[in-house]
Amino acid sequence: MELKKKNYEYIIIGSGFGGAMAAYTLAQAGKEVLIIDRGKWVVRDDSCWDEVRLHVKNPMYRGETPLYVDQKRGQIEEMWTDDTVGGMSTLYGAVSFRLREQDFLGAPVPGAAVRDEHSAWPYKYEELAPYYDKAEKLLGIAGIAGADITEPPRKTDYLHAPEKKLSTPSAKIWQASEKLGLHPFYLPMAINFSGKYGKEKCISCSTCDHYLCKIEAKNDLSVMILSELKKKGATVIDNTRALRINVNGSKAESVDIIDQDSCQSVTVKGKKIIVAGGALHSPYLLLCSGLGGDDSLIGRYLYRHANGSVIGLFPYKTNPEKKLQKQAGIADYYYGAVFPSKEQPIGVWGMIQDVSSIGKEVVKQNTPAGLKSIAGFLTDYFINLQCMAEDIPQYNNRVFINNAKRDKFGMPGLMVYHRYLDRDLKARKALYKKARRIILKAGGLPVFSMAFNTYSHAMGTCKMGVDKNNSVVDPECKVWGMDNLYVMDASVMPSGGSVNPSLTIAALSLKASAQLV
Ligand SMILES: Cc1cc2nc3c(=O)[nH]c(=O)nc-3n(C[C@H](O)[C@H](O)[C@H](O)COP(=O)(O)OP(=O)(O)OC[C@H]3O[C@@H](n4cnc5c(N)ncnc54)[C@H](O)[C@@H]3O)c2cc1C
Ligand code: SF4
C-alpha cells in the first residue's frame, strides 16, 4: 500500500465514473485527494483481448468476494464482479448517452402515461446539461448531434466524429432499420477514433465491450482521468479495500482500509469522505459502517434496466472482418407505442442497440455439456440486438448485509434481492418484438432472446432527493444527517431512464463535486 500519510483533505472510495470525476474536480481546484480502489491497475498487453484469460480461466480481475444474489425461489447464486482502477469503465462498451429530458421527471407509472414523482430527480435536465457537456469533453465522446431523434437539447456538437464506416453486421442492421422507416444513428462512444490525446487510434476490433483495450483507444477512466491525476500528485492506491467508515455522531472521521494481498490494515482520516463504490458496494459499505436503521433507505430501490438481446442467425459468417459491432442505435420505440395494447405497455419502452456477439469461449462456458461446440460454432453466424427497457425502482429491491456469511476480511456477505415489475418485462418484450422485425428484414432468423441477469447497470440504493424521508442523499449528494459524508455514483440516481448510465453518473458527480468545491 503506497500511502504517504494518514490524514487527507478528501478521501474518495472507488474510482469508477462517480469517484474519478469527483477526484478530477477536486484536484483541479487544488484539493488534496486520496483515491482508494480495491481493483488493480489494468495491464495493457495481449491479455486485454483474450477472453479466456480475462473471463474464463482464473479471471484476471475478479474481485475477492462474491455478491449473493437471491434468484427465483430463494436460491442464492454467487456472482462475481471484475474490479479495476477505473471501475467498470475499463471493460465497458463505451456507449455514452444522456438521459432524455422526460427521464428526469421519474420512472413510468405502470398502466398510465405519466411519471412517478417519487423517483423524479431533484433537478431537471437543463441543470445537468453543462456537466454532460463537460463529461463528454473529458471522456472524448464521439458522436453526431441531432441524429438520435430522442436526444435532449445540446448547445454544441460532439468534439469528435464516430467511425463512419460501418462493420458488416452494423451495416445490415442500419439498412434493415431504414427499410422499416426507422431512424438509426451512430451510438455516441467513448472511443478515440481519431488518434487524439497522444494515443493510438481505435483499430475497430471485435473485442471491445467486456474486454480491455490493449492500445488505450477506449477512453476509459484509467486512460483519460486517473493516470493524469496520479501524474499531477493525487494519491491513487489500488488493490485496497475500504472496510468501514468510522462515524462519530454526524461526522465521518476516518476509513479503515486493508491491502487485499498482504491484509495489512490502516485507518486514514479525511475531512470529507466521498463514497463512490457503485450501486451495490456503496450501500454495502454504509451498512457495514453502521449507518442505516430500520426505516433507512440505504440499499433500497435497487434497479438495473430490463436488459436483454435478440439473437439473429444468418446463413453466412456475419462479421468476417472481425470489426467493432456496436455502432447503430435505434430510439424510435423509446416512448413506446402510439396505440398500447395488453402486450404493449403504455409509456416508455426503451432503446435498441447494435451489440457485439459474446465471445465463443464465454458462450461455451455457459452452455450445457453436449451443446458447447455447436453453440461456440454458431456465434460466428449471429447478429445481436440489445433491448434496454426501464426498470422501475421498487422499495423491496435492495442490497443488504448478512452477518452469517463472512469473507476473508471478516466482512458480512453482500446480499442482492431484485425482481422486475410486469410492466418492465412487457416493455422489454415489446422491444424484442421490434428487434426481431429488424433482424428478419436484415435477412436473418431471430432464433432466441436472452435476458441479461447481471448487475452491470445497477443503480438506485442511495437515492438522491429533496425529502430526507424519501431519500438517502440530498441534491448535492451529501448523506442526510451527516456533515461531511457524500455518495457520488450510480447509487444516487433516483431513476435511470432506458439508456446506458455511465455518462449520467459522470455528469452528476461533476456537478456534486463542483458544488462541494
Ligand atoms: C461489461 C460492461 C459493459 C458496460 N457497458 C456500458 C456502456 O457501454 N455504457 C454505459 O453507459 N455503461 C456501461 N456499463 C455500466 C457502467 O460501466 C456502470 O454503470 C458504471 O461504471 C458505474 O459507475 P460507478 O462509478 O457507479 O461504479 P463503478 O464503475 O462500479 O466503480 C466503483 C469502484 O469502486 C470500487 N470499490 C467498491 N467498493 C469498494 C471498497 N469498499 N473499497 C475500495 N474500492 C471499492 C470498485 O472496485 C470500482 O472500481 C457496462 C458495465 C459492464 C460491466
Ligand atoms: S474497438 Fe477500438 S477502442 Fe475498442 S478495444 Fe478495439 S481498438 Fe480498443
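## A hairpin and its neighbours

In this predicted model, strand 14 and strand 15 form a hairpin with 5 residues between the strands, and Gly-410 there takes a positive phi near 80 degrees. Strand 14 covers residues 398–406 and runs antiparallel to strand 15, to which it is joined by 6 bridges. Within this region, Phe-400 stands opposite Met-415 of strand 15.

Strand 15 (residues 412–417) also pairs with strand 3 (residues 67–70); these two run parallel and are joined by 4 bridges. Here Val-69 has Val-416 of strand 15 as its bridge partner. As a general principle, strands of a sheet pair through backbone hydrogen bonds, in either a parallel or an antiparallel manner.

## Overall form

The secondary structure of the protein amounts to 10 helices and 17 strands. Along the principal axes, the C-alpha atoms fill a box of roughly 65 × 50 × 50 Å. The radius of gyration is 22 Å, which agrees with the value near 24 Å that a compact globule of 517 residues would have.

Of the 517 residues, 52% count as buried. Contacts between residues at least 6 apart in sequence can also be examined: 73% of them join residues at least 24 apart.

## Two domains

The protein is divided into two domains, each made of several stretches of sequence. Domain 1 comprises residues 1–61, 82–139, 219–298 and 457–517, while domain 2 comprises residues 145–211, 306–389 and 419–454. The C-alpha centres of domain 1 and domain 2 lie 27 Å apart.

Where the domains meet, 31 residues of domain 1 are in contact with 36 residues of domain 2. On the side of domain 1 that touches domain 2, helix 2 (51–56) and helix 3 (125–138) each supply at least two residues. By class, this side of domain 1 has 17 nonpolar, 7 polar and 7 charged residues.

An open sheet is formed by 6 strands in the order 5-11-12-13-10-16, with antiparallel pairing. Its edge strands are strand 5 (185–186) and strand 16 (445–451), each of which pairs on one side only.

Ser-309 stands opposite Met-450 in strand 16. In general, the side chains of a regular strand alternate between the two faces of the sheet.

## The surroundings of ligand 1

Ligand 1 is surrounded by 38 residues, of which the closest are Gly-14, Gly-16, Gly-87, Gly-93 and Gly-278. The elements giving two or more residues to this shell are helix 1 (17–28), strand 7 (240–248), helix 6 (278–288) and helix 10 (502–516). By class, the shell around ligand 1 has 15 nonpolar, 17 polar and 6 charged residues.

Helix 6 gives the most to the shell around ligand 1, with 4 residues. Helix 6 is also mostly covered, with 10 of its 11 residues buried. Among these buried residues are Gly-278, His-281, Ser-282, Tyr-284 and Cys-288. After helix 6 comes Gly-290, whose phi is positive, near 85 degrees.

## The surroundings of ligand 2

Around ligand 2 there are 13 residues, and the closest are Cys-202, Cys-205, Cys-208, Cys-213 and Lys-218. This shell divides into 10 nonpolar, 2 polar and 1 charged residue.

## A buried valine

Val-487 belongs to strand 17 (residues 485–487). Is Val-487 buried or exposed? A residue counts as buried if 20 or more other C-beta atoms lie within 10 Å of its own. Val-487 has 32 other C-beta atoms within 10 Å, and it is therefore buried.

Leaving aside residues up to four places away in sequence, Val-487 touches Val-275, Ser-282, Cys-462, Val-473, Cys-477, Val-479 and Val-492.

Key
Residues numbered from 1 in each chain as written. Chains lettered and ligands numbered in written order. Predicted model: local features only at pLDDT ≥ 70, side-chain atom pairs only at ≥ 80, totals over all residues. Near = placed C-beta within 6 Å. Nonpolar A, V, L, I, M, F, W, Y, C, P; charged D, E, K, R; others polar. Domains from an automatic or database assignment. Contact = placed C-beta atoms within 7 Å. Pairing = 2+ DSSP bridges. Rg over C-alpha atoms; globule rule 2.2 N^0.38 Å. Buried ≥ 20, exposed ≤ 12 C-beta atoms within 10 Å, placed from the backbone.
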